[in-house]
Amino acid sequence: MSADNGSRARRSRGEVPTGPNYGTPRHGSAFTRLRRTSGLSFLGLRRPSGQLTLSGAVRGELRKMFSLRSTWVLLLSVMLLQPLSTGLIACALRVLVGHGQQTNHFLTNLLPTSSDVFWSAVAGGLFPAMIAAGILGVLVLTREFSGATIESTLTANPRRGMVLMAKGFVLALLTWLAAQVGLLLSWILATPLLSVRSGILPVSKSGLALIDLLGGPLMLVLFALMGLGLGALSRSKAGGIGLFLGLTLILPLILGFLRSLIPHAGWLQIPFRLTPTSLLGTFLSNLGQASEAGRGWWPTWWQAGLIMMVWTALCCALGTLVFRRADIG
């Protein structure tokens, strides 16, 4: 009886055998590993150790952008607007030349005298593509605000600077690829339509072909990143697109109108030439002798590229500041 009473006493005291404690999850346990990999880990935002990485954020943004129809539509617009514009410019020039041949007009020598017309037609499609690239940059961020998915994005990656950097990297890569392919298609299309007998460019524009073919897509990347910064600044589709169109289209029109309306307002030429659209035209045409012609200061092609980089950096800096400090709601 004493032995039975002793065993009952041990059971009443709730003695449990010694062994591993499964109640509290320890470091390296299956529960801890599951907790670290839960919550949008399929986007690749985290390493196995739970640390956020830029490469994972970039992969997540790539998958996100490729899943949206608007991304494909705007990228195709950037690519196809260039050969379409080049074909229209080439057909218009051929019609003008044909009219000049009938009337003995000076346009009869327009095409065969200089290759500048050829490269102007090739790069002319970058202007409408610029608008599509800027709108794409605005929508990369603002559509998450309008669709109320920005909270999920920031829950998966609370580092807002990294989120914006990943979006900018993916946007720059896709815009550059679309713009480069479109410019090459424009070159291929313009070659049979605009036969230029003189294949040698003037000495002052010997590098015009390289500037247009290699630098033109990079300028479109700057416009797309500027749209991203304006979208982060406004956090709305209408506001971001309005700011971008105001800088690229409305501001040059206002400055040009004031310059023609106000007498002795030649100083307005300088801010007009510093607008983003004017800088794109200066970069693509490789202007560098405007000051020698007595028309005042005009930036060279490389100065236009640097000033456009300043425009983009300013918009991105303001957008990043607002995006990192403003409340999401």
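Leu76 is partly exposed, at a relative accessible area of 42%. In this predicted model, the residue sits in helix α4 and belongs to a nonpolar surface patch of about 430 Å², made together with Leu80, Val181, Leu185 and Ile188. Two elements, α4 (69-103) and α9 (160-193), each give two or more residues to the patch. Helix α9 supplies the largest share, with three residues.

The protein has 14 helices and zero strands. Of its 329 residues, 42% count as buried. Among contacts between residues at least 6 apart in sequence, 75% join residues at least 24 apart. The protein exposes about 17,900 Å², and carbon and sulfur atoms supply 67% of that area.

Turning to the interior, nonpolar side chains tend to be buried together in soluble globular proteins. Here, the largest nonpolar core holds 67 residues, and Val78, Leu141 and Phe323 have the most contacts inside it. Helix α10 (residues 208-234) gives the most to this core, contributing 15 residues. Leaving aside residues up to four places away in sequence, Phe323 touches Leu141, Phe145, Ile150, Leu154, Arg160, Leu164 and Ala232.

Charged side chains complete the picture. Side chains of opposite charge can pair when their charged atoms come close, and the structure holds four salt bridges. One of them joins Glu61 to Lys64, with 3.4 Å between the closest N and O atoms. Both residues lie in helix α3 (residues 54-66), three residues apart, or about one turn of the helix. Glu61 counts as buried because its relative accessibility is 5%, under the 20% cut-off. Lys64, at 25%, counts as partly exposed.

Glu61 also meets Lys167 in a salt bridge, at 3.0 Å from N to O. This pair links distant parts of the chain, as Glu61 is in helix α3 and Lys167 is in helix α9, 106 residues apart. A further salt bridge brings Lys167 together with Glu144, at 2.3 Å from N to O. Glu144 lies in helix α7 (residues 126-146) and Lys167 in helix α9, so this pair ties together parts that are 23 residues apart in sequence. Glu144 is buried, with a relative accessible area of 4%, and Lys167 is likewise buried, at 0%. Through shared partners, the salt bridges join Glu61, Lys64, Glu144 and Lys167 into one network.

Terms used:
Residues are numbered from 1 along each chain as its sequence is written. This is a predicted model: local features need pLDDT of at least 70, side-chain atom pairs count only at pLDDT 80 or more; totals for chains, interfaces and linings use all residues. Side-chain values use heavy atoms; hydrogens and water are left out. Patches are made of residues with over 30% relative accessible area and no salt bridge: like charges are joined within 9 Å, nonpolar side chains (Val, Leu, Ile, Met, Phe, Trp, Tyr) within 5 Å. Accessible areas come from the Shrake-Rupley method with a 1.4 Å probe; for residues, only the protein chains shown count as cover. A salt bridge is a side-chain nitrogen of Lys or Arg within 4 Å of a carboxyl oxygen of Asp or Glu. Helices (H or I, at least four residues) and strands (E, at least two) are DSSP runs, numbered from the N terminus. Buried means under 20% relative accessible area, exposed over 50%, partly exposed in between (1.4 Å probe, protein chains only). Contact means heavy atoms within 4.5 Å. A nonpolar core is a set of buried Ala, Val, Leu, Ile, Met, Phe, Trp, Tyr and Cys residues joined through side-chain atoms within 4.5 Å.
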